[in-house]
Amino acid sequence: MNLKYPNLFSPIKIGNITYKNRIFSAPISLQELSPELTLTQENIAFFELRAKGGAANVTVGVANVLDTGRGHTKELALDNPLIMPSLTHCARTIRRHGSIPSIELCHAGMFAGLPNLENPHPTNIPYGPLYEVAADGTVVRPWDEGMIMELVEAFANGARLVKTAGFEMLMVHAAHGWLLSQFISPTNTRCDQFGGSFENRMRFPVMVLKAIREAVGPGFPIEFRMNAVELFEEGHGLDEAIEIAKYVQEYVDIIHVSAGNQKIGETFVRTHPDMFLPHGVNVEYAAAIKKHVNIPVAVVGAITDPDLCEEIIASGKADIVEMARGLMADPFLPQKAMEGRDQDIRKCMRCHVCFDTIIMTRDTACALNPVIGEEELYFSPPAAPAKLKKVLVAGGGPGGMQAAITAAERGHNVILCEATDKLGGQILCEAHVDFKKNYFEFGQWLIHQLEQLDNVEIRLNTRVDAKLVDEIKPDALICALGSDPLVLDIPGIDDERVIYAAELAKENPNIGQKVVVIGAGLVGCESAIHFLREKKDVTLIECRDDFAVDANAFHKMALNINLRDGADIRLNTTVKAITKAGVVAVDQDGNEVVFPADTIFCAAGMKSKSEDVEALRGSVMEFWPIGDCVKPGKVQTAIQHGYYAALDL
């Protein structure tokens with residue numbers, strides 16, 4: 001059998017287990033659990049889809065060994081006797097698809113009692129290695145030795161439980177500022193046997209690992225998740241991480257390399273890499289650690305491309321690649337890579353919509369994959385259409401393309417019309433933006449899916465109007481006409497220096513050295529970062545008192561990191577005119593300010609093509625307006641609208 005990625009799909013034996021390939025499904029938070037903190041059928045379907053997609057293992061995320069360690073509401077309660085049935089069902093479901101079921105054992109330590117976005121009103125008392133006062137004034141009490149011994153026993157009991165339930169390996173979470181990480185960190189300056197020196201700081205984690213090994217026995221793989229770097233001044237760096245890995249390797253079977261500590265909030269978008277960071281951001285750390293240990297090393301962090309995966313394994317930088325969000329965007333990435341179908345892989349764009357959904361609606365979703373959060377629809381899809389229909393889709397942006405794909409896959413005959421000479425819609429604007437590569441490729445993915453469907457006819461340079469509808473006589477019309485840029489009603493707006501996002505779709509966009517961006521919403525902020533990376537002088541003007549108000553909390557964190565040291569951000573500033581001197585605005589103090597500009601990038605918002613939509617509404621009985629033509633929004637809304645409208649035909 002000739003494989004495009006022979007190293008990635010070579011088996012690996014660890015302990016008593018032979019894994020079919022080197023792609024592991026890393027732990028990830030879930031939609032809400034049951035009130036008893038056990039798995040629901042929806043939770044299990046989430047993991048089952050990853051198993052069916054071909055990952056060598058699937059790790060169930062965040063299983064708490066004690067209720068005192070619950071940092072938020074989506075952590076399984078291993079100390080609850082009622083959890084066994086759902087664990088058993090989950091492990092069995094993963095295993096029947098040829099994937100090895102694993103589970104992440106953890107305890108949040110001090111963060112179990114400190115407020116966070118997901119658990120703003122914790123009920124637990126925070127305990128940590130030391131007495132300290134958190135930034136919000138909460139007192140953190142130190143664990144005493146008796147409590148530490150109880151924690152060791154709890155980890156052993158949790159390990160014993162999950163093995164009994166049918167899990168064939170487990171992960172110990174000792175990274176990201178959770179309990180074991182708190183003890184390992186140089187910030188642990190306890191004066192007893194559990195702090196201060198390196199050996200003392202490692203004592204408690206090693207006690208936990210020894211107890212787990214005794215509970216599960218030999219040959220049962222234990223994966224140790226650790227930080228390569230903690231990413232704050234007082235934390236440890238790579239040199240000490242190498243010593244940590246060397247110290248624990250005799251007690252574990254896999255070293256899992258990650259980075260970051262939640263003690264510093266902004267490290268969230270490094271632990272869960274944002275789109276502005278390089279792909280495979282932790283790979284070189286893993287390679288450095290691998291040189292000093294004699295057990296397999298796994299690496300996680302911004303890995304979505306099978307070519308990168310193959311290079312990591314082939315070069316010996318790591319033995320295993322792990323994906324979390326990458327397998328949300330496409331659970332079938334492993335299967336497609338094994339079959340050499342690279343173009344069919346839908347790649348994560350690292351927008352943090354999944355995390356935002358977990359916080360805001362306590363559910364799970366992916367901006368690019370409408371099945372995520374609704375995995376049961378994959379295993380129990382709606383009945384086949386009672387009648388196959390002729391479906392007209394107006395608009396070839398992401399929502400329209402997704403609607404056409406889903407309708408065609410359901411058996412309908414589809415005519416997709418796009419008014420311009422290219423499919424892609426607003427995604428085309430990301431063609432030359434380095435950090436939006438995966439987003440642009442998603443547009444190419446949609447086009448590739450359409451090209452493989454025999455029952456889709458694509459008509460470019462074709463505007464859908466009532467006359468065309470009358471000629472085609474469709475049974476259903478899905479209206480995905482999108483939106484247009486909002487043109488400011490100010491003097492000088494027709495100046496030749498004024499451009500809109502569509503300019504970025506050009507191979508050589510006309511961008512001068514001094515760029516003034518009008519509008520600090522999501523489009524304006526991301527474009528400003530792009531201009532900064534091209535070494536432009538950037539001024540960002542926003543009439544509101546904050547920037548990126550339409551971005552989710554985590555993406556905004558990343559935007560802030562990338563804007564604050566380069567762009568001149570002017571909030572509460574209103575643009576009045578564009579003159580030869582530049583952009584004339586009034587600042588928050590009422591002063592008139594002129595910002596010199598070679599290029600004026602207008603990102604003041606979008607407006608729906610509502611008049612065009614209404615002109616079509618009465619032309620066919622089954623009419624579905626979707627995406628931006630209903631209300632300007634993000635790609636997630638367009639994709640979901642398109643998918644589910646087509647599903648209902």
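Glycine 128 has proline 142, in strand S9, as its bridge partner. The model that shows this pairing is predicted.

Strand S9 covers residues 139–142 and is joined to S7 by two bridges, the two strands running parallel. Both belong to an open sheet of three strands, ordered S7-S9-S8, in which the pairing is mixed. Strand S7 (127–128) and strand S8 (132–133) are the edges of this sheet; each has a single partner strand, so one side of each has no neighbour in the sheet. In general, the strands of a sheet pair through backbone hydrogen bonds, either parallel or antiparallel.

The protein chain contains 20 helices and 29 strands. Its radius of gyration is 26 Å, close to the 26 Å that the globule rule gives for 649 residues, so the chain is as compact as a globular protein of that length. Along the principal axes, the C-alpha atoms fill a box of roughly 75 × 65 × 45 Å.

Further values for the protein chain are listed here.

| Property | Value |
|---|---|
| Buried residues | 60% of the 649 residues |
| Accessible surface | about 25,600 Å² |
| Carbon and sulfur atoms | 51% of the accessible surface |

Among contacts with a separation of 6 or more, 70% are between residues 24 or more positions apart. As for charge, the chain carries 61 positive and 85 negative side chains, and the centres of these two sets are 3 Å apart.

Conventions:
Residues numbered from 1 in each chain as written. Predicted model: local features only at pLDDT ≥ 70, side-chain atom pairs only at ≥ 80, totals over all residues. Heavy atoms only, no water. Helix = DSSP H or I, 4+ residues; strand = E, 2+ residues; numbered from the N terminus. Rg over C-alpha atoms; globule rule 2.2 N^0.38 Å. Buried < 20%, exposed > 50% of the residue type's maximum accessible area, 1.4 Å probe, protein only. Contact = heavy atoms within 4.5 Å. Areas by Shrake-Rupley, 256 points an atom, 1.4 Å probe, with all protein chains shown as cover. Lys, Arg positive; Asp, Glu negative; His and termini not counted. Charge placed at Lys NZ, Arg CZ, Asp CG, Glu CD. Pairing = 2+ DSSP bridges.
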